[in-house]
Amino acid sequence: MALNLEELGIAPAGLDAVRPFAVEGLDVRGRSVAFGPVLQSILDRHDYPEPVSRLLAEAIVLASLLGTSLKFDGRFTLQTQTQGPVSMLVVDFASPDAIRACATFDTGRVEALVKAGKATPEALLGHGHLAMTIDQGQHMQRYQGLVELDGISLEEVARRYFDRSEQIPTEVRLGVGELYTRNEGEGHSKTWTAGGILIQFLPEAPERLRQADIDPGDAPEGTQLHEMEEDDAWVEAKALVDTVQDVELTDPEVSVEMLLFRLFHERGVRLFDPQPLSDKCRCSREKIEGVLSGFSVEEKDEMTVDGRIVVTCEFCNAKYKFDG
């Protein structure tokens, strides 16, 4: 069964946009995204090793799905701190559409994993934690949730975060790919693609959200974990999303709308206005001047080389020069 958006009066979201949706027959709401030039611009700017770029791309997809859910002007930040070869990932989303990202890593340890054929996202991250921070602006309290990283994927991070912090059943799929195009003559060019889908079970009846009890941990031996069957609608929704293949998330020819229609057309999927994304950094000369003003004369002297202080933004690589 083909999907004709024009006949339905729906404008395709296209690349670099998050499409919110609802499947009312399953009491599910969600968001899906397909990345293109915005992701390419961010990754090209940094020119990280391939496994690091791939991992950062996954984090960008996840942050975009979560950040665009903000209902106010604010910031959503996803940040990892670990003992792994990639010691830190930072993805910063500022509503309504600005996203920026960077990574810190040990080149030697990354190369060793690549050589051993073990450069998986889980191995690159290692053990530590991931923080998700929501900043609602001045005079408003920040909210931060932490998830332990113990060899799990970013998909599992999202599931654990919502299960433990928000108690909302959540399923997520992330995909990152590379398209190679043969150029005239010799060589080829590489294009990064990525996409993702996140669904959450939000029934009107609160009792349908009930989950199994938290693991008893250090409780006396024999303590029973109360098992509770999952809601049939949620079981069906999860099963459908579990069928999503990476190629469906990374192929530019497979639109977000095509994917959602393929998954949920029998139940009826309702599409909401897409939310565009842009590669946009929030750094500025004025902000950096403000930071430098907090340093002592001695500290500024230590930063000065050839009579100048040069500050490079880790997100966008912009250089700002100041007289020492």
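Isoleucine 309 sits across from phenylalanine 322 of β14. The two strands concerned, β13 (residues 308–312) and β14 (residues 319–323), pair in the antiparallel sense over 5 bridges; strands here are DSSP runs of E of at least two residues, helices are runs of H or I of at least four, and both are numbered from the N terminus. Pairing itself calls for at least two DSSP bridges between the strands. The hairpin has 6 residues between β13 and β14, and asparagine 317 there takes a positive phi near 65°. All of this comes from a predicted model, in which local features need pLDDT of at least 70 and side-chain atom pairs count only at pLDDT 80 or more, while totals for chains, interfaces and linings use all residues. Residues are numbered from 1 along each chain as its sequence is written, and side-chain values use heavy atoms, with hydrogens and water left out.

Elsewhere, 6 strands make up an open sheet of mixed pairing, ordered β7-β6-β3-β4-β5-β12. Its edges are β7 (143–150) and β12 (278–279), each of which pairs on one side only. Strand β5 (residues 98–105) runs parallel to β12, joined to it by 2 bridges, and isoleucine 99 stands opposite aspartate 279 of β12.

As for the cysteines, the disulfide count is 0, taking a disulfide as a pair of cysteine sulfur atoms within 2.5 Å. For cysteine 102, the closest cysteine sulfur is that of cysteine 313, at 7.8 Å, which is too far for a bond. Cysteine 313 in turn has the sulfur of cysteine 281 as its closest, at 3.6 Å, and that is also too far for a bond. Cysteine 102 is buried at 3% relative accessible area, and cysteine 313 is buried at 9% (buried means under 20%, exposed over 50%, partly exposed in between, with a 1.4 Å probe and protein chains only).

Helix α3 (residues 50–67) spans 25 Å from first to last C-alpha over its 18 residues, close to the expected 26 Å, that is, 1.5 Å times one less than the number of residues. Because 16 of its 18 residues are buried, α3 is largely enclosed by the rest of the structure.

The second largest pocket has a volume of about 540 Å³. Its lining counts 23 residues, of which Arg31, Leu66, Ser69, Phe162 and Gln200 are the closest to the centre. A pocket here is an open set of points on a 1 Å grid over the protein atoms alone, where a 1.4 Å probe fits, with protein on both sides within 12 Å along at least five of seven lines; lining residues have an atom within 4 Å of a point.

Methods
Grid points are joined across faces, edges and corners, and a volume is the space filled by probe spheres set on the points.
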